[in-house]
Amino acid sequence: TGYFQVCASCRNNKSQRDRNRLFEIIEQIISILRKTKQELISKEELILAKDNLTAKTNQLFDDLEYEAKFYLGQITQIGKPISQKEFLRDLNQVNRVSLRTLAQQFFVREHLNLAVLGDSLSTKDKKNIISLYSNL
């Protein structure tokens, strides 16, 4: 149980240039998701991600409020709390193949939601964005 989130930002003041940029950003995100489904990430990228998550986890556990939220999240998501040590152990067991397998299961149109904040998009723009999803 959980979620995966991608956030990006661009101006959206209804100019054609800004709409084109919005579509470019969405296309790039979908392209990266598609690539993650098809190819193994590099060893270096996996090491960097694990190092980043380990450092953030260690830093966040210095905050008692975060620690309480972490354990509550474990209880609500998997039914029992796991320790910081267990979490980091499990993180270190993640490999490139398991990430690709996970991406293949979850980076599919049925599991994705998209929110565009800002000015309303035209029906045509919405249809164009939805058509980008079909390329995933």
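Reader: In which helix is T101 placed?
Author: The model is predicted: local features need pLDDT of at least 70, side-chain atom pairs count only at pLDDT 80 or more, and totals for chains, interfaces and linings use all residues. Residues are numbered from 1 along each chain as its sequence is written, and side-chain values use heavy atoms, with hydrogens and water left out. Helices (H or I, at least four residues) and strands (E, at least two) are DSSP runs, numbered from the N terminus. T101 is in the helix of residues 96-106, α5.

Reader: Is T101 buried, partly exposed or exposed?
Author: Buried means under 20% relative accessible area and exposed over 50%, with partly exposed in between (1.4 Å probe, protein chains only). The relative accessible area of T101 is 35%, so T101 is partly exposed.

Reader: How far apart in space are T101 and G79?
Author: The separation is taken from C-alpha to C-alpha. T101 and G79 are 22 residues apart in sequence, and their distance in space is 24 Å.

Reader: At roughly what angle do the axes of α1 and α5 cross?
Author: Two packed helices are described by the angle between their axes and the distance between the axes. Axes are lines fitted to C-alpha atoms, for helices over the stretch in contact, and angles run from 0 to 180 degrees between N-to-C directions. The axes of α1 and α5 come within 7 Å, and their crossing angle is roughly 125°.

Reader: Is α1 parallel, antiparallel or oblique to α5?
Author: The axes of α1 and α5 cross at roughly 125°. Angles under 35 degrees count as roughly parallel, over 145 as roughly antiparallel, 65 to 115 as roughly perpendicular and the rest as oblique. The relation of α1 to α5 is therefore oblique.

Reader: Which residues of α5 make the contact with α1?
Author: Contact means heavy atoms within 4.5 Å. On the α1 side are T36, K37 and Q38, and on the α5 side are R100, A103 and Q104.

Reader: At roughly what angle do the axes of α1 and α6 cross?
Author: Helix α1 covers residues 16-38 and helix α6 covers residues 123-133. The two helices are roughly parallel to each other. Their axes come within 10 Å, and the crossing angle is roughly 15°.

Reader: Which residues in α6 does α1 meet?
Author: The residues in α1 are R19, L22, F23, I26, E27 and I30. They meet, in α6, D125, N128, I129, L132 and Y133.

Reader: Which residues does L136 touch?
Author: L136 is one of the residues of the largest nonpolar core. Not counting residues up to four places away in sequence, L136 touches I30, L33, R34, K37, F107, V108, R109 and L112.

Reader: At about what angle do α2 and α4 pack?
Author: Helix α4 is residues 84-93, and its axis is 10 Å from that of α2. α2 and α4 are roughly antiparallel to each other. The contact is made by K50, L53, T54, T57 and N58 of α2 with Q84, F87, L88, L91 and N92 of α4. The packing angle is about 175°.

Reader: What is the relative accessible area of F61?
Author: F61 is in the loop between α2 (43-60) and α3. Leaving out residues up to four places away in sequence, F61 touches Y66, E67, F70, Y71 and Q84. F61 is buried, and its relative accessible area is 9%.

Reader: Which residues is Q74 in contact with?
Author: Q74 lies in helix α3 (residues 64-78). Q74 is buried, with a relative accessible area of 12%. Neighbours within four places in sequence aside, Q74 is in contact with G79, K80, P81 and I82.

Reader: What separates the C-alpha atoms of V116 and S9?
Author: V116 is in the loop between α5 and α6. V116 is partly exposed, with a relative accessible area of 30%. V116 and S9 are 107 residues apart along the chain, and their C-alpha atoms are separated by 9.5 Å.

Conventions:
Core = buried A, V, L, I, M, F, W, Y, C linked by side-chain atoms within 4.5 Å.
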